[in-house]
Amino acid sequence: DTEGLLRIKEENQKHYRRAQRHQEKKEKIQRHNRKLGDLVEKKTYDLKAQYEQLANLRRKHILELTSVIFPIEEVKTSMRDPADVSSESDNAMTSSTVSKLAEARRTTYLSGRWVCDDHNGDTSISITGPWIVLPNNGDYSAYYSWVEEKKTTQGPDMEHNNPAHTISAALCYATQLVNTLSLILDVNLPKKLCNRQVNEFCGENLSRHRFTRAVKKLNANILHLCFSQHVNLDLLHPLHTLRNLMYLVSPDTENLGR
C-alpha cells in the first residue's frame with residue numbers, strides 16, 4: 001500500500017506539472033488572441049474608413065457625371081387637374097365626382113390594362129436636356145405607332161420633334177448612364193447591357209416585342225442599382241425609368257456610393 005501510495009503521488013506530481021505547462025500555454029494563446037483581436041479591430045476600423053472614402057469618391061464621380069454629361073431633371077408641365085377645372089366651372093359638382101375625376105387622371109391604360117400613375121400629367125423627366133423626355137407612366141405607344149407608320153411610309157423622316165425620337169434617345173442615354181453607374185459603383189447588373197443594346201434603341205426601328213424586352217431589361221437594372229444603394233422603396237416604380245434614375249443619383253440619397 002505504501003508503494004502504491006508513492007506511485008500515485010508521483011503520478012499526481014506529473015499531472016500537476018503538466019497542468020502548469022498547459023496553463024502557461026493557455027495564457028500565451030489568450031495573449032496572442034488578444035493581440036489578434038486588437039489587430040482585427042484596427043484593420044476593421046481602417047477598412048471602414050477606406051469604404052467611406054471610396055463611397056465619397058464614387059459619389060463625387062456620380063454627381064459630376066449626372067451634372068455635366070447626363071443631367072436628369074424634372075420638367076414641369078402646365079397641365080391642370082381636370083377635376084379642379086371642372087369643379088371651378090360647375091359649383092354643383094359633388095365631391096365624389098371630383099375624386100373620381102382625379103383618380104381617372106392618375107390612371108393610364110397601358111398594354112391592355114389600367115396602371116395607376118400618380119405623376120401622370122404633372123411632370124416629366126428629362127435627360128441631357130429638357131427636350132429629351134420620357135413619359136412618366138411608361139407608355140411608349142408613340143414609339144410603336146411611329147414604327148408602324150415607318151413601315152408603310154417611304155422616304156426620310158423629317159419630323160425632328162417626333163416623340164418617338166425623344167423616347168429612343170432618352171432610353172439610349174439612360175442605358176449609357178446605367179452602364180457607367182454600374183462600373184463606378186462596382187455593381188454587377190442582373191441584365192447584361194452591352195453596346196449592342198445601347199445602339200439598339202437609336203440604331204434601328206425595333207418591333208414592339210424587342211422594344212418592350214429591352215425596356216424591361218433597362219428598368220430591371222435601374223431597380224437593381226436603386227436597391228444596392230438603399231433608395232427609399234416608396235419612391236420607386238417599376239415603369240418610371242428616368243424618375244428611378246433621378247432618385248438614384250440624387251444628392252439626397254444618403255447611401256449613394258456604398
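**View 1. The largest cavity holds about 40 Å³ of space.** A search of the whole structure turns up one cavity of 30 Å³ or more. Here a cavity is a set of points, on a 1 Å grid over the protein atoms alone, where a 1.4 Å probe fits but cannot get out. Grid points are joined across faces, edges and corners, and the volume is the space filled by probe spheres set on the points. This is a predicted model, in which local features need pLDDT of at least 70 and side-chain atom pairs count only at pLDDT 80 or more, while totals for chains, interfaces and linings use all residues. Residues are numbered from 1 along each chain as its sequence is written, and side-chain values use heavy atoms, with hydrogens and water left out.

**View 2. Who lines the largest cavity?** The lining is made by Ile 125, Leu 134, Pro 135, Asn 136, His 240, Thr 241, Leu 242 and Arg 243; a lining residue has an atom within 4 Å of a point. Helix H8 gives the largest share, three residues. Sorted by class, there are four nonpolar, three polar and one charged residues. For the classes, Ala, Val, Leu, Ile, Met, Phe, Trp, Tyr, Cys and Pro count as nonpolar, Asp, Glu, Lys and Arg as charged, and the others, Gly among them, as polar.

**View 3. Helix H8, residues 241-248, is mostly covered.** Eight of its eight residues are buried, that is, under 20% relative accessible area with a 1.4 Å probe, protein chains only. Among them are Asn 244, Met 246 and Tyr 247. The cover includes E1, E4, E5, helix H5 (163-185) and helix H7 (208-228). Helices (H or I, at least four residues) and strands (E, at least two) are DSSP runs, numbered from the N terminus.

**View 4. Three strands make an open antiparallel sheet, in the order E1-E4-E5.** Strands E1 (72-76) and E5 (133-134) are the edges, each pairing on one side only; two strands pair if DSSP finds at least two bridges between them. Five bridges tie E1 to the antiparallel strand E4 (residues 123-127). Look for Lys 76, whose bridge partner in E4 is Thr 123.

**View 5. Zooming in on Val 75, in strand E1.** Val 75 is partly exposed, at 22% relative accessible area, a label for values between the buried limit and the exposed one of over 50%. Leaving out residues up to four places away in sequence, Val 75 touches Thr 123, Ser 124, Ser 126, Pro 130 and Val 133, with contact meaning heavy atoms within 4.5 Å. Val 75 and Pro 130 sit 55 residues apart in sequence, yet 6.8 Å apart in space, C-alpha to C-alpha.

Technical notes
1 Å grid on protein atoms, 1.4 Å probe; cavity = no way out; pocket = protein on both sides within 12 Å on 5 of 7 lines; lining within 4 Å.
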